[in-house]
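Colleague: I am new to reading ligand sites. Could you walk me through one, step by step?

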Amino acid sequence: MTQRTLIAPSILAADFANLAADVARADNADWLHIDVMDGHFVPNLSFGLPVAKSLLPHTDKHLDVHLMIEDPQRWAPDYAADFDSVTFHLEAVEDIDAAVELAQELRAKGTKAGVSIKPKTAVEPLLDHLASFDQILVMSVEPGFGGQKFMPEVLSKVEALRSRIDADGLDTLIEIDGGIGVETAEQSAAAGVDVYVAGSSVYGANDPAAAVDAIRQAADGATGATAR
Ligand code: DX5
Ligand code: ZN
């Protein structure tokens with residue numbers, strides 16, 4: 001499939017006391033990104049299933065859950081019924097076979113299955129298994145906190161994914177997460193990204209919708225794409 005441009009504001013940077021209102025402030029976004037942190041896999045704690053589910057009546061957007069948790073085999077399936085995509089970390093399971101098995105279970109429960117890799121995790125082990133995943137989330141900061149600086153060295157992993165996805169004719173999406181704004185979205189688009197997660201650059205802006213548009217424009221400008 002050809003490269004796409006999907007903007008996914010991360011509610012980690014939103015006002016937790018006014019989540020529904022903040023979701024509405026970025027109504028022109030394509031997806032909504034929901035960061036679940038357990039204080040173990042990452043040194044930060046955000047929220048879990050009940051808070052994530054509280055958003056359901058307030059939006060009909062694609063809800064993209066990013067699980068930064070230990071033992072995803074235990075917890076990820078609980079998200080499958082209500083959320084459009086569920087991504088767990090490769091580093092949190094034993095090996096690639098366990099990741100493929102969990103992705104199968106998530107798909108069987110009716111959600112899209114994603115796997116994420118931290119900045120220092122190699123992409124190669126995933127390359128022969130891309131058809132087993134609907135999306136690959138490449139972390140461009142160490143997971144755990146919003147507002148960190150983009151790590152351009154992860155773009156070589158995006159390029160490797162793009163080449164293999166295109167060569168094999170797959171529709172697996174490439175998602176990037178961490179430090180995304182106008183400039184880094186442009187670099188990411190050139191490397192082959194489809195889904196742009198943006199927290200502080202959207203919810204830290206006076207006008208979140210304008211920030212979403214600016215990221216979309218930067219990405220589309222770099223790829224010549226207009227597909228959504
Ligand atoms: C970080 C989270 C991100 C975070 C991104 O661990 O996975 O989704 O919200 O925040 P920014 O866009 O501020 O880097
Ligand atoms: Zn995230």
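**Reading a ligand site**

Modeller: Happy to! This model is predicted. Let us start with one contact: an oxygen atom of ligand 1 lies 2.7 Å from an N or O atom in the side chain of Asp35.

Colleague: How do I decide whether a pair like that counts as a polar contact?

Modeller: Check the distance between the two N or O atoms, because a polar contact needs them within 3.5 Å. The side chain of His66 also has an N or O atom 3.3 Å from an oxygen atom of ligand 1. With Gly179, the backbone takes part: one of its N or O atoms is 2.8 Å from a ligand oxygen.

Colleague: How much of ligand 1 does the protein bury?

Modeller: Ligand 1 exposes 380 Å² when taken alone, and the protein buries 99% of that.

Colleague: Which residues of the shell are closest to ligand 1?

Modeller: Of the 20 residues around ligand 1, the closest are Asp35, Gly144, Asp177, Gly199 and Ser200. The shell divides into 8 nonpolar, 10 polar and 2 charged residues. Strand 2 (31–37) gives the largest share, 3 residues, while strand 3 (62–68) and strand 8 (195–198) each supply at least two.

Colleague: And where does ligand 1 sit?

Modeller: Ligand 1 sits in the largest pocket, whose volume is about 300 Å³. That pocket is lined by 26 residues, with Gly146, Gly147, Asp177, Gly178 and Gly179 nearest its centre. Strand 2, strand 3, strand 8 and helix 8 (200–203) each give two or more residues to the lining.

Conventions:
Residues are numbered from 1 along each chain as its sequence is written. Chains are lettered from A and ligands numbered from 1 in the order in which they are written. This is a predicted model: local features need pLDDT of at least 70, side-chain atom pairs count only at pLDDT 80 or more; totals for chains, interfaces and linings use all residues. Side-chain values use heavy atoms; hydrogens and water are left out. A residue is near a molecule or strand if one of its heavy atoms lies within 4 Å of it. A polar contact is a pair of N or O atoms within 3.5 Å; within protein, one must be able to donate a hydrogen and the other to accept it, and residues adjacent in sequence count only if both atoms are side-chain atoms. Accessible areas come from the Shrake-Rupley method with a 1.4 Å probe; for residues, only the protein chains shown count as cover. On a 1 Å grid over the protein atoms alone, a cavity is a set of points where a 1.4 Å probe fits but cannot get out, and a pocket is an open set with protein on both sides within 12 Å along at least five of seven lines; lining residues have an atom within 4 Å of a point. A molecule sits in a cavity or pocket if more than half of its atoms lie within 2 Å of its grid points. Helices (H or I, at least four residues) and strands (E, at least two) are DSSP runs, numbered from the N terminus. Ala, Val, Leu, Ile, Met, Phe, Trp, Tyr, Cys and Pro count as nonpolar, Asp, Glu, Lys and Arg as charged, and the others, Gly among them, as polar. Grid points are joined across faces, edges and corners, and a volume is the space filled by probe spheres set on the points.
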